[in-house]
Structure formats: C-alpha cells, structure tokens
Amino acid sequence: MAVDSRMDLLSERAVLMRASLQKSQTITDNVVSILGSFDSRLSALETAMRPTQIRTHAIRKAHENIDRTLKAAEVILSQFDLLRQAETKVLKGPHEDLESYLDAIAQLRKIIRYFMSNKSFKSSDGVLNHANSLLAKAQSKLEEEFKQLLASYRILRMTFYLNYRSCHLTKIFFCEIKHFKAVEPDRLFDGLPNSLRPSSDGDGGGKPHGGHHNDDAETAAYTLPILIPSRVLPLLHDLAQQMVQAGHQQQLLQIYRDTRSFVLEESLKKLGVEKLSKEDVQRMQWEVLEAKIGNWIHFMRIAVKLLFAGERQVCDQIFRGFDSLSDQCFAEVTVSSVSMLLSFGDAIARSKRSPEKLFVLLDMYEIMRELHTEIETIFKGKACLEIRDSATGLTKRLAQTAQETFGDFEEAVEKDATKTAVLDGTVHPLTSYVINYVKFLFDYQTTLKQLFLEFGNGDDSNSQLASVTMRIMQALQNNLDGKSKQYKDPALTHLFLMNNIHYMVRSVRRSEAKDLLGDDWVQRHRRIVQQHANQYKRVAWTKILQSSSAQGLTSSGGGSLEGGNSSGVSRGLLKERFKMFNMQFDELHQRQSQWTVPDTELRESLRLAVAEVLLPAYRSFLKRFGPLVESGKNPQKYIKYTAEDLERLLGELFEGKSMNEPRR
C-alpha cells in the first residue's frame, strides 16, 4: 500500500512537471516571436537612419580639416611674421644691437629649415629664396662687423643682455673706444717683473744682456697686456660662432689672420724688432751687433711671455668650442711675427763664427731654453707644429754653433800669431784675454753643462767642460812657448813664461775653474812657475856671481908682485874684477828695471831670490878684497856699490821703468 501511494504521488508530480514544461515552451516561443518582430523593426530603422549618419560624419571630418588648415595657416603666418621681423633687423644692420642681430640670423635659419620640411606649401620656394638671400646678406654684414670689431672696434652703441637666474636685465653701453693699433712698448714693459723693466733714464735697462742667465726671469710674475677689451670678446665669440655655423670658416680665418697678424707685427716693430739676414749681420760692427743681440734676448722674452701669450688667450676666448680652428687661427696670426724674431737668431747662428760671439750665442741659447716650455704650451696643437719645430731648430743651431766656436777658439789660441811685442816680459794680452774668456765661461757653466748634456757625446757634462778648459789652457801654454822664443835674452824668455803661467795659476785659483781643473793642475803649474823663476835667476845672474867670486884672482907665480900683496892676489886683476862687476850690475839693473813682474807678491819673491844669492856673495867678496883696493889710488873708482846700495837697487827691478827714468 505504501508503495502504491508513493507511485501515485510520483505520477502526479510527473504530470505536473510535464504541464509546466509545456507552458514554459509556449512562453519561450512567444518571446522569440516578439523578439523576431523587434529585429525586423530595428533593421528598418537602421536603414532609415544611415544617410543621416553619413552626413554627420562628413560634417565632423570637414570641421577637423578646417581646424588643421587653420592651425597650419597660423604657423605659416607666424613664420612670415618672424621672417619680416628678422628682415627688419638684418636691414638695420648689427651696429646698434649686435645681439638682436645675431638672434635674427638664428631665426632665419629656423625659418629656412621649416620651409625646407614643408615643400608642399606652394609658395615655399619663393619664401626659401627670399630667406636664403636675406641670410647671405646678414652673413656678409656679420663678417664686416667681425672685421671692424677686430680691426678698430669703434663701437658707438652696444647692447648686452645679462641674464642673472630669473632676471633679464638690459644694459646699454655708450662708448667711444680708440682706434685699434699696435701695442705700445710701454704697455708691454708694464707687464714685466720690476727686475726686467727699462730703467727711468730710458737706456733700455733691465735687459739681461751680459748678465746671461737670470733665474728670476723664469719664475717672476708677468702681467699679460689687454689686447682686446674683455667686454668685446663675448661679442667676437658670438660672431665667430655664427660665421662657423654658416660655413664661412675660411672667411673668418682670413679676416682674423689679416687683422691680428698686422697688429702683432707692428707691435714688434714698435718694440724694435728687425728682420735681418745673415748678410746684414755680417756687415755689422761687433759693438752694434752685440747691442742688437742683447735687445733680441729682451724682445724674445717680451714677445713670448706677453705678446704671444696674450694673443693666445684672446684667440682661445674668441674661438671657444672650436679648438682646431683656434689653433689654426693662432698659428696663421703669429707665424710671420715668430719668423721675424727667429730669423735674427738664425742669422747669428749661421753667420761667420768668432770667439767673441760665443757668449752671446750662449745668451741666446739660454733664452731659448728658458722659453721652451712656454713656447710648447702657447704654440700647442698640430697647426703650430712648424712654429715649435722652428724654435727647437734654432735652439739646436745655437748650441751647435756654440760648440763649434769652442773648437775654433781652442785652435785660434794655439795658432795665434799676433805680433804684439811684450818687450818687458809682462803678461801677454793673449793670456789675459784667454783667462778672462775662460773665467767668463764659468759664469755660464750651468748653460754649458746643459749644452753638453743635450748635444754632447754622452760623456759627463762636468768632465766635458773640464776637458775643454784644459785643452784651451794647454793651447795657451803652447802659444806662449812659441812667443817666448822671440826674445833674444834667455832670462827674459823665462821671466815672460813665469809671468804668464803665474797669471794663469792665480786666475784659476781665484775662480770656479779651480774646482773643475783640480788641485793637481794648480800644483803642477805652480811648479812650472818656480822652474822658470829658477831658470831666470840662473841665466841672468850667473855671470855677475862669477865676477864676485875669488876664482882667477891669484897670480900665476904665487909670489908677491909689484903692487901685489902677501896673499898672492893681483891688485890689477882685482880692480878689473870690481870694474867688471860694476859694469855687469849697471847693465842688469838698467835692463831689468824696464822688465815687469806685475804681481806684487811674485815680484818681491823674485827680488828676494836674487838678493839671497847676490848680496852674500858680494859682501864676502867686498870684505875679503875690498881693503886691497881701498888701500890703493881712487878706490871709489872701483868699489862703486856697498851691499846696501845693491839691496836698494835690486828693489827697483821689474817695475817696467822707461830707459831715461832716473834711479831712486
């Protein structure tokens, strides 16, 4: 029963569900039918609205095209407006407002770029032609302005725009700047250290001529001259920049070169620089040439440290950002001036060598060495390579010529054949000349060592200088030996050599040459001096010493003769011996009083050496044989001198008296 009731219940529910499903299907069919009717209506509506939609879209597109056209027209019109503004500024020229003029040129370039990229605009070709023509005219005026600023920078009115962070200020400068010209020497002298400035008496003092190397000159502060006012340099930089951007680099280079090179050359001429050839140098008197060399050394220092350094500073500021162009401009501006300066040095280095030129050659070599670093710095870059090489070449030629002059001097000393007679046996002019020459060389020993170090054969510079000095001294000795043979009196020969070698030794001992030549050289030559002194004494006084000896006074018979004495000495022979002594002494005194020993110490030493051998011998002779003569007739006729008389007269020797000068 229970099962049957459940089955019935399920059947009822199944019937209900079937009925519900049928009802739902009916509703669905009805909804589908309704939606189908909507679809057909919507399709009809869409078909009806399509023309309206097409017209609306077309109107919107037309509006967009109109907006774009208006905007393009506005841009084009603004370009035309900018073109008219730029044209107005260009036609007015750069004189009144240079910076505004430069802005106009920049604007013209932008306008040209715009129309080059918008060729579809039918009038673009005409606009481009007009803008390019205007730009060319502007560039031409710009070049002329650059030239005028450089050449005369006569500016009646300049406008500068000074930007300070958020502020934009305008200053108008009204100025009348004097005509641009060469730098006056006084302005250059003002930049020198005090030690190198000309003295107030106008003699050009301060030149280190004759004083050769000056360490202070290398380390002293130099003040560069103002070649172009600092307020003008930014304008010149802007002008140069515009010309480079316009492709007018060559015109810029030519303008700068022609203007500035003339200024530098005129500045050097006002200073006193001359362009001289080797032939011009050869024709000059030595005194004139020596003065010109001293001036040249001074001019080189001024030109490099002041004029060229100042020009390099100007050039770098004007061409800032264009390093290669700056180097090229500087090289072309300075090449003629540098050539003018170096040509004189080159003419000296290539001219005929002579001993007196050695020291000025060393002076010139020193200044080139001093300026080497600055030349390398100022004339930097590939464009200035030729100028640097020219300076280095001159330095080497000066060094080479100096070394060759050394060799010439050594040879000239040994072969000197001057006929200058030194009758009194004093120091020969050649000796004093050579010794002064050598002493002066040692004032240059730092330079000489540098020269040997750079251009020598690799030996130690000290040993090279010592070797050169010794060779010169030996050459002098060889020449003196030859000159001493001109004397007929052997005693004067030895006196001459004694004087001259003593002068050499004394000079070396009192100079820096002693440290280089050494004590051995000094001691060896002092012995040579003593040897010649001994030889003089032997040759000059041997005969008179024989006359004051007892040799040959004893009679051959050995007994008393008439007029003789118990000692067996012949009074007649004795009288003849006294007469011989008197005659010999008178002759020696007269002759040797005319001879000269210029060194006081040596003169006294030589007199003493003579007295030490003569006076004891004479005293002994006089004491032994004097009484025999005094006991006869007219003893004063034979005994003319006492020992004291001889000592006094020996004190008159070697004073270079004239023949007629009386005895004291």
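Guide: Contact here means heavy atoms within 4.5 Å. Keep in mind that this is a predicted model.

Visitor: Which residues of H12 meet which residues of H13?

Guide: On the H12 side they are Thr405, Phe406, Phe409 and Val413. Their partners in H13 are Leu430, Tyr433, Val434, Tyr437 and Leu441. By class, this contact has eight nonpolar residues, one polar and no charged.

Visitor: How do I read the geometry of such a pair?

Guide: Two packed helices are described by the angle between their axes and the distance between the axes. Take helix H12 (residues 385-415) and helix H13 (residues 429-443). They pack at about 155°, with axes 12 Å apart. An angle over 145 degrees counts as roughly antiparallel, and H12 and H13 are therefore roughly antiparallel to each other.

Visitor: Is the crossing of H12 and H13 left-handed or right-handed?

Guide: H12 passes H13 in a left-handed crossing.

Visitor: At what angle do H7 and H10 pack?

Guide: Helix H7 (residues 249-271) and helix H10 (residues 323-350) pack at about 30°, and their axes lie 9 Å apart. Angles under 35 degrees count as roughly parallel, so H7 is roughly parallel to H10. The crossing of this pair is right-handed.

Visitor: Which residues make the contact of H7 with H10?

Guide: From H7, they include Leu252, Tyr256, Arg260, Leu264 and Lys269. From H10, they include Leu325, Glu332, Val333, Ser336 and Met340. The whole contact divides into ten nonpolar, six polar and five charged residues.

Visitor: How close do the axes of H6 and H7 come?

Guide: The axes of helix H6 (residues 233-245) and H7 come within 7 Å and cross at roughly 145°. Ala240, Met243 and Val244 of H6 touch down on H7 through a contact with Gln249, Gln251, Leu252 and Ile255. By class there are five nonpolar residues, two polar and no charged.

Visitor: Now pockets. What is the volume of the largest pocket, and how many residues line it?

Guide: Its volume is about 450 Å³. The lining has 17 residues. Nearest the centre of the pocket lie His502, Arg526, Val529, Glu601 and Leu602.

Visitor: Which helices supply at least two residues of that lining?

Guide: Helix H16 (490-509), helix H17 (513-547) and helix H19 (600-630) each do. H17 gives the largest share, six residues.

Visitor: How does the lining divide by class?

Guide: The lining of the largest pocket has six nonpolar, four polar and seven charged residues.

Visitor: Last, a single residue. Where does Ile528 lie?

Guide: Ile528 lies in helix H17. Compare sequence distance with spatial distance. Ile528 and Met498 are 30 residues apart in sequence, yet 7.7 Å apart in space, C-alpha to C-alpha.

Visitor: Which residues is Ile528 in contact with, leaving aside neighbours within four places in sequence?

Guide: With those neighbours set aside, Ile528 is in contact with Gln477 and Ile501.

How values were computed
Residues are numbered from 1 along each chain as its sequence is written. This is a predicted model: local features need pLDDT of at least 70, side-chain atom pairs count only at pLDDT 80 or more; totals for chains, interfaces and linings use all residues. Side-chain values use heavy atoms; hydrogens and water are left out. On a 1 Å grid over the protein atoms alone, a cavity is a set of points where a 1.4 Å probe fits but cannot get out, and a pocket is an open set with protein on both sides within 12 Å along at least five of seven lines; lining residues have an atom within 4 Å of a point. Grid points are joined across faces, edges and corners, and a volume is the space filled by probe spheres set on the points. Helices (H or I, at least four residues) and strands (E, at least two) are DSSP runs, numbered from the N terminus. Ala, Val, Leu, Ile, Met, Phe, Trp, Tyr, Cys and Pro count as nonpolar, Asp, Glu, Lys and Arg as charged, and the others, Gly among them, as polar. Axes are lines fitted to C-alpha atoms, for helices over the stretch in contact, and angles run from 0 to 180 degrees between N-to-C directions. Angles under 35 degrees count as roughly parallel, over 145 as roughly antiparallel, 65 to 115 as roughly perpendicular and the rest as oblique. A crossing is left-handed if the near helix is turned anticlockwise from the far one by less than a right angle, and right-handed if clockwise.
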